[in-house]
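I am keeping notes on what I look up in this structure.

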Amino acid sequence: MKRRPKSGDSFGFLAEFAGTEELLEAIHACKAAGHTRMEAYTPMPVHEVWDALGHKSHLPKLVLGGGITGGILGFGMQYFASVIHYPINVGGRPLNSWPSFIIITFEMTILFAALTAVFGMLLLNGLPRPHHPVFDVEEFEEASQSRFFLLVPWYDPSFDHDKVPALLESLSPLSLNEVHHP
Amino acid sequence: MIAPGHSLGSVTDKISSIVLRRTTPRGWFIGLGIGLLLVGVLLTAIAELLFKGVGIWGLNNPVGWGFAIINFVWWIGIGHAGTLISAILLLFRQEWRTSINRFAEAMTIFAVMCAGLFPLLHVGRPWLAYWLLPYPNTMALWPQFRSPLLWDVFAVSTYATVSLLFWYIGLIPDFATLRDRAKAKPFKVIYGMLALGWRGAARHWERYETAYLLLAGLATPLVVSVHTVVSFDFAVGIIPGWHATIMPPYFVAGAIYSGFAMVMTLAIPMRKAFGLEDFITLRHLENMAKVILATGLIVAYGYTMEAFFAWYSANPFESSMMSGRMFGHYAWAYWLLIACNIVTPQLLWIKKVRTSVGALFVLALVVNIGMWLERFVIVVTSLSNDFLPSAWDTYAGTRWDWMLYIGTIGLFLTLLFLFIRFLPMISIFEMRTMVPGTSKKEDA
């Protein structure tokens, strides 16, 4: 177990690359050196990168759950209103007139599933988070524009303050910076 | 898809500089000025309405639904193209959508806002419009869940919410780009807050793309359901000309038809004004023209079937409504609609027309007008001669109706001009994925 980091401690090393190919090579090299918990930063979604890092989210299951909840709530609300709370007998027509409840049940299903997808994604990503140590690196502004970054962070099990920069340097990055805890 | 010679940096530069440059072209001020002027007209019409009530509109006894419903359906329909482009074309892997999806989505949101105004104002006391929602109240009352009008409330509000979320989610990575590129501190802070601290981590992108695809999958049935529910407002009623099973599919096709026409109406001047011919290429315009042609044919099939049903049903009320529509008081509107929606778009079979920017612009305007007329014909001709000849009456919008309608066009323009100045009108990060050679393009 690592000790709790203090301000100014090393957060990790951040290497900058020009393209996906270089980034993928770097990821494979770091993996070969035993690093398991790396972070990559790309200006657009790149499947190969998160496949190489082994990221796989549980979001679809959450969204399914959200949709089912919405559907049950939607139908339940209409059933409760029409059958239990405020039944109106109109010429003996059935109170639970389920065909006319389909639309709102459907809309509520979609609404809840969509809200779960959006807020679930943000929550799992730990956003909003206005500041992160990597933002202190000047070159990192390019992460949202045209450059690709690889971070070997302090919480990686085989993080070593001397070996990691040497390894990253051997991959000939465009820049290499140490990131510090704020 | 994208003109050759672009790199990640140049795509980022080109699109974000439209937002971040310090000088604003004069045309933008003129456009916004016109928009704001018309918003003034809108506010005047709303103020008069709130003082005097819906009596200032042209509504009368058989025609209880006039401009308000016509405009509501027209605007909602326009919105549909945005969702279609952003969600359905995404699922079908139509990569050409990338350069038009952002502003098509913006168009959706603004169109739904304009649409929503009409039913809200039509209820007469808009400050009580929340009575439409099921909420715990001291009267212990519930809204009528068996009414298509309430289904509409749920469908449209869900649609507005999901469209807004989809749009915002799509903007987050671009807000991060603007945050990192903005020079002025206030803009850095504002874009920074909107970006929610997005840093482009691969694990975030993975969840992001999952969420985005799921939203697209959810928005697809949703968009079909919205215009279906709008058509139920008519189809569930027993009025001749409304009570038909053809209504849902034909409304959905009409919505896509008018929406693409509106995207085209906006995209053509915009690509010119902002020099975006590299991103919104002739190929995009031609593809949209093909969608317009295809959906236009479905709409034509709908009109034909309406006439066929009226004849084949041998129902005297249906056939009298249909002959009234074709040869009666509103025959001009019917034939003008046929000319705008069926005859003119056939020009799109010709490749020369599909690739002529000027011709496409004019055609798109013609379709916009045609689709407004379609809703006018459906709403007004059916209501004005229903069952009892003694109850028949004609209908025309008053100047307040027209002011309200033109006013919403102003609101739409105002929002659109603000959008193109302050937000990236093309999705920057999605355009990056189109740059050749930077990545082995994702294929999921």
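**Entry 1: the second largest pocket**

I began with helix H14 of chain B, which gives the most to the lining of the second largest pocket, with seven residues. Helices (H or I, at least four residues) and strands (E, at least two) are DSSP runs, numbered from the N terminus. This is a predicted model, in which local features need pLDDT of at least 70 and side-chain atom pairs count only at pLDDT 80 or more, while totals for chains, interfaces and linings use all residues. Residues are numbered from 1 along each chain as its sequence is written, chains are lettered from A and ligands numbered from 1 in the order in which they are written, and side-chain values use heavy atoms, with hydrogens and water left out.

I looked up the volume of the second largest pocket and found about 590 Å³ of space. I noted that 25 residues line this pocket, and that Thr265(B), Leu266(B), Pro269(B), Leu413(B) and Leu416(B) are the closest to its centre. The elements giving two or more residues to the lining are helix H2 (26-52), H3, helix H8 (247-273), helix H13 (357-384) and helix H14 (399-422) of chain B. I sorted the lining into 21 nonpolar, four polar and no charged residues. Here Ala, Val, Leu, Ile, Met, Phe, Trp, Tyr, Cys and Pro count as nonpolar, Asp, Glu, Lys and Arg as charged, and the others, Gly among them, as polar.

On a 1 Å grid over the protein atoms alone, a cavity is a set of points where a 1.4 Å probe fits but cannot get out, and a pocket is an open set with protein on both sides within 12 Å along at least five of seven lines; lining residues have an atom within 4 Å of a point. Grid points are joined across faces, edges and corners, and a volume is the space filled by probe spheres set on the points.

**Entry 2: the largest pocket**

The largest pocket holds about 720 Å³ of space. I found 29 lining residues, with Gly116(B), Pro119(B), Leu120(B), Leu132(B) and Val153(B) the closest to the centre. In chain B, helix H3 (67-91), helix H4 (101-122) and helix H5 (148-181) each supply at least two residues of this lining. H5(B) gives the most, with nine residues. The lining divides into 21 nonpolar, six polar and two charged residues.

**Entry 3: the cavities**

I counted five cavities of 30 Å³ or more. The largest cavity has about 80 Å³ of space. Of its 17 lining residues, Ala143(A), Ser144(A), Trp198(B), Arg199(B) and Gly200(B) are the closest to its centre. H5(B) gives the most to this lining, with five residues.

**Entry 4: between the chains**

I found 64 residues of chain A in contact (heavy atoms within 4.5 Å) with 57 residues of chain B. The two chains bury about 5,500 Å² between them, 69% of it on carbon and sulfur atoms. Buried area is the accessible area (1.4 Å probe) that two parts lose on being put together, summed over both.

How many salt bridges are there between chain A and chain B? I counted two. A salt bridge is a side-chain nitrogen of Lys or Arg within 4 Å of a carboxyl oxygen of Asp or Glu. Arg203(B) forms one with Glu39(A), the closest N and O atoms being 3.1 Å apart. Arg203(B) lies in helix H7 (residues 202-235) of chain B and Glu39(A) in strand E2 (residues 39-41) of chain A, so the pair joins two chains.
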